[in-house]
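Dear colleague,

Please find the structure below, handed over for your records.

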Amino acid sequence: MSDTSTAIVSLSLADVRDRLARRELTAEQVTAACLDRIAATEPAIAALLTNRGEAVLAEARALDGAGPDPAKPLWGVPLTVKDALTTAGTRTTCGSRILGDFTPHYDAFAVARLREAGAVILGKTNMDEFAMGSSTENSAFAPTRNPWNVARVPGGSSGGSAASVAAGQCFGSLGTDTGGSIRQPASLCGCVGLKPTYGRVSRFGLVAYGSSLDQIGPLTRTVEDAALLLSVIAGHDPRDATSAALPVDDYMGALAARKDLSGVRIGVPREFRGEGIDPEVSAACQAALDKAQELGASIVDVELPHTPYSIAAYYIIAPAEASSNLARFDGVRYGRRAESPRDLADLYVRSRAEGFGDEVQRRIMLGTYVLSSGYYDAYYRKAAQVRRLIREDYEKALARCDVLCGPASPVTAWGLGELTSDPLKMYMMDVFTLSLNLAGLPGLCIPVGMGGRSGMPVGLQMLGRAFGEGDLLAAANVLSGALGVPGVAPACEGA
Amino acid sequence: MTTISTEQVAAIARLARLAPDEAQLETFARQFGDILGYMEMLNGLDTTGVEPLYSPVQHATALRPDEAAPRCTREDVLRNAPEADQEFFIVPRIV
């Protein structure tokens, strides 16, 4: 890579956007720099399932021909998008073989918003099949590797998006978060990841996994960049009945208005401390909280007493919804169809059995089991009752403070293959992220330094009130600004 | 400890239109035993009188005028089908 390309891909999204608007850089230069970086890093990290390659250069040249447009806040900015979101004319696999070469004729709402804002979509990022996983090892194609150490996982399920952002392939990416799938990979890859309030971003065009849990959100290298992307993708959409018809706050204004953390009460849930957390994670999170106090925040001890039940409740509710949502993959209207079916039933069964990977089959069957007659009350209804108790915990805690803080993951990135043989052990990795989705609240993860033992990134989660993304981003921006961000990862063999 | 038999897994698989082989049945049975066993912890929590929460939506659902509008063509919809003619999806004969 040339020095110029390296310098360009190291810029923040906000910075490159401003330089493009001032014509200090052309869209073609910036896009070419990203394509160079993709070519240099993809062999080591496999963050992309589809690289649009040269096609995006033509789009960039067309933008340059028309000139910068002040009405387009992402004019000329190259981004990537998780392969769970439909992209008109570009293959969308959701990390699964069952979708084959499915090429949608429409953009997801959030993708359309990016394009309308002038962004260049470089490609689609790797993910755990149907977003089911915490390491991106459940991708039907290949595991993505962590750009800070390619022997380790990037987290999941939006591991391709996090790796792509951390490696400097793009200036931001869209991921999806059903149980931590934006925040946890952001944590493991040292970037910023925001899961908005349920209903803030339309799910139209998102391949559904757990419909009452799924939200789309940005992954970026700075908090300001996440705020910029959220400003673009947030808003009401009549095509998603759960999309909120509430005004979108001025997130950039909220960031500009907050210079320190005076008056901010940070609640630290007792359940997010101590046992089960790797000491290097605890130490980095504690140092971040100490910094927050220096910046004027006060620390409040709070409780989320039903946290120990969240894994059990989540792994009933999410598979139940998945078993219903994934019934649509039957080999009839799109995707993969089994060869020479005997009859229609055989076509359904074999197309699904051959097309879905093990973890997806496991969750479909778990969901089918907990929804089946005789078990529904004991599992699904019970889990939904626990879900209410979990949300009430958050409401009580957030009445006593403005933001809740804790680790996003109990450990830093683990080695490839370490947890794949024991699904339950992998589920346990989600202990700090799942409950937020059950409650439907917003949360973001910021990098707070490298673990003292592993040298891998540690992330701190900041969780807030429904539709309180502005306050959350503003506080996170101050703290992250003081702590610094790790920047672009080496993303090469032997790193 | 919860025990799930391979016969139970096969029955669930039939409902879910899946067809695990013998080796997969064994693995899934063991894993479901572990996972459902873990979930038994919920029984230790008294939820009498707690209203289940099925969706986190608290805002009012927005209504829109019930107006028909074209969104895609028949060609768009059929383009990704494994088998189709100009008008229909084609499946094995059912009658």
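In chain B, 36% of the contacts with a separation of 6 or more are between residues 24 or more positions apart, a contact being heavy atoms within 4.5 Å. The model is a predicted one, in which local features need pLDDT of at least 70, side-chain atom pairs count only at pLDDT 80 or more, and totals for chains, interfaces and linings use all residues. Residues are numbered from 1 along each chain as its sequence is written, chains are lettered from A and ligands numbered from 1 in the order in which they are written, and side-chain values use heavy atoms, with hydrogens and water left out.

Chain B contains three helices and zero strands, in the order α-α-α along the sequence; helices (H or I, at least four residues) and strands (E, at least two) are DSSP runs, numbered from the N terminus.

The radius of gyration of chain B is 23 Å, whereas a compact globule of 95 residues would have one near 12 Å. This radius is taken over C-alpha atoms, and the globule rule is 2.2 Å times the number of residues to the power 0.38. Along the principal axes, the C-alpha atoms of chain B fill a box of roughly 55 × 45 × 25 Å.

Of the 95 residues in chain B, 34% are buried (under 20% relative accessible area, 1.4 Å probe, protein chains only).

As to confidence, chain B has a mean pLDDT (the predictor's confidence in each residue, from 0 to 100) of 93, with 99% of its residues at 70 or more. For the complex, the predictor gives an ipTM of 0.96 and a pTM of 0.97.

Key:
Buried < 20%, exposed > 50% of the residue type's maximum accessible area, 1.4 Å probe, protein only.
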